[in-house]
Amino acid sequence: MALLLLLFLVVSVVKAAQDAFIGVNLGTDLSNMPSPTQVAALLKAQQIRHVRLYDADRAMLIALANTGIRVTVSVPNDELLGVGQSNATAANWVARNVVAHVPATNITAIAVGSEVLTSLPNAAPVLVNALKFINTALVAANLDNQIKVSTPHSSSIILDSFPPSQAFFNRSWDPVMVPLLKFLQSTGSYLMLNVYPYYDYMGSNGVIPLDYALFRPLPPNKEAVDANTLLHYTNVFDAVVDAAYFAMAYLNFTNIPIVVTESGWPSEGDKSEPDATVNNADTYNSNLIRHVLNNTGTPKHPGVSVSTYIYELYNEDLKPGALSEQNWGLFEANGAPVYILHLTGSGMVLANDTTNQTFCTASSGADPKMLQAALDWACGPGKVDCSPLLQGKPCYEPDNVAAHASYAFDTYYRQMGMASGTCYFNGVASVTTTDPSHGSCIFPGSGKNGTFINGTTLAPSSNSTASSAVGQSFHGGVRSPLFIAFVVWSAFF
């Protein structure tokens, strides 16, 4: 029995690590909000596989259909009272905003309200009922195993959060938190928590070091130590997450996982916000992504990563309040990155790597015929110089369609300035931070053998010729009949 329990615990930890992901929040307070189709294209180009919506916008859900992107939809706060007071209203909400879109749109979670206890306390008495009513509708639709229901909380509901082992939820909310945690436990859901080290740092009056908030390495004598557990904390994020674990344990709930539904750092602020800078935003989000995807876990639960949604995809120029409120985004409305993340080694997520070490390659397991068609398009209408792929040239070996397509895709990606949507090729290409160069075959984005201007490799001159490469097939000698479909792409690209 003890061995079985040990195996179960090991499997649980491994599964938690495997399930770790980075997602993004999609705010819409923009004066020039991109269309749903453009948003979906940016998500795909950046290999973002999880997105949280603050509503259940029909057009956005349609645009996300058949992308495989996992979507969290939300019951907005202004609809919460209605949903929490009527089972029928909740059932209608699920029918209209969930059942109507699955399975084409991969909805995996419903966030009921947002920071209700701290921002809409008058709705707190109906919050748990709202979750239960929504879940009952999912059960009726046989979707409760696929879609989990929870509600995002501000970390400010945790009191005495350091040391984490002494943390507890604001006791005035026990009548809500206890039944809420029982619901999460019984449905196999998770606690949604918004974690903002930026605000913890700003409100600490210098007590919290900036490096501690930004995940920067600290010497051992600068690490925060929980005197009760002797656990060492090297960053604010882990301390807040562990405080939530301990707060749940204080109420005798020890097996509810945590998903961080919001975390980020602003890239610009007013005079009273001197640490809202591009460099700090880049540092925080880059380190956060690595921290989550490396399955580092927290000191209380090492190896059990906490999946996290970055706040947020776009800068929202219409957001009221301080200047920083408008500058949490990773991208501008036109798809240009606000800053380029340092993500080398973090895998295929968020392609805007500051070192310029991002590459467009053939997706693992892609259909060979689709790859061949994409290769043909790149070397033809795409105007890629594919002569290095000819026999006897540096990139001929290995002579297979995936290797040849990867070189052509990356070349096209570079000459298009790595713009969003230029590493898609009908789904058979993806962005990676692993340099695919090999032997004497140096990819355009490698920097091992090329000229860089402002971090971007120079694309071939418009006068450069593809020589006899254009119009040839570079794998198997047979042009795929799907080539015609790719010619149509030229208008898009």
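**Salt bridges, cores and backbone exceptions**

In this predicted model, R52 and E262 are joined by a salt bridge between their side chains, with a distance of 3.0 Å from N to O. The pair links distant parts of the chain, for R52 belongs to strand β2 (residues 50-53) and E262 to strand β12 (residues 258-263), 210 residues apart. Are these two partners buried or exposed? R52 has a relative accessibility of 1% and therefore counts as buried. E262, at 7%, also counts as buried, because the cut-off for that class is under 20%.

Side chains of opposite charge can pair when their charged atoms come close. The whole structure contains four salt bridges according to the search. One of them connects D211 with R216, where the closest N and O atoms lie 3.0 Å apart. D211 counts as partly exposed, with a relative accessibility of 30%, and R216 counts as partly exposed at 25%. Another salt bridge brings together the side chains of E316 and K319, at 3.4 Å from N to O. In that pair, E316 is buried at 3% relative accessibility. K319 has a relative accessible area of 18%, and it is counted as buried because this value is under 20%.

The largest nonpolar core holds 106 residues, and V98 and I134 are the members that touch the most others within it. Helix α11 (residues 236-250) gives the most to this core, contributing eleven residues. Which residues does V98 touch, leaving aside those up to four places away in sequence? The contacts of V98 are V73, W93, I107, I110, L138, L143 and I147. Another core, of 28 residues, lies apart from the largest one, and its members include L371, A374, L375 and V431.

I134, named above for its contacts in the core, is also one of the buried residues of helix α7. This helix covers residues 124-140, which makes 17 residues, and its first and last C-alpha atoms are 25 Å apart, close to the 24 Å expected at 1.5 Å a residue. The buried residues of α7 are A124, V126, L127, V128, A130, L131, F133, I134, N135, A137 and L138. An α-helix has 3.6 residues a turn, so residues three or four places apart point the same way. Within the buried set of α7, L127, L131 and L138 are among the leucines, and L138 is also one of the contacts of V98. After α7 comes N142, which has a positive phi near 60°.

Most residues other than glycine have a negative phi, and most peptide bonds are trans. The phi of N252, however, is positive, near 70°. N252 sits in the loop between α11 and β12, and this residue is exposed, with a relative accessible area of 68%. N295 likewise has a positive phi, of about 55°, without being a glycine. Its place is the loop between α12 (278-293) and β13, where N295 counts as partly exposed at 26% relative accessibility.

Cis peptide bonds complete the account. The bond from V102 to P103 is cis, with omega near 5°, and P103 is located in the loop between α5 (87-99) and β4 (106-112). Y311 and E312 are also joined by a cis peptide bond, with an omega of about 10°. E312 lies in the loop between β13 (308-310) and β14 (359-362).

Conventions:
Residues are numbered from 1 along each chain as its sequence is written. This is a predicted model: local features need pLDDT of at least 70, side-chain atom pairs count only at pLDDT 80 or more; totals for chains, interfaces and linings use all residues. Side-chain values use heavy atoms; hydrogens and water are left out. Helices (H or I, at least four residues) and strands (E, at least two) are DSSP runs, numbered from the N terminus. The expected span of a helix is 1.5 Å times one less than its number of residues. Buried means under 20% relative accessible area, exposed over 50%, partly exposed in between (1.4 Å probe, protein chains only). A nonpolar core is a set of buried Ala, Val, Leu, Ile, Met, Phe, Trp, Tyr and Cys residues joined through side-chain atoms within 4.5 Å. Contact means heavy atoms within 4.5 Å.
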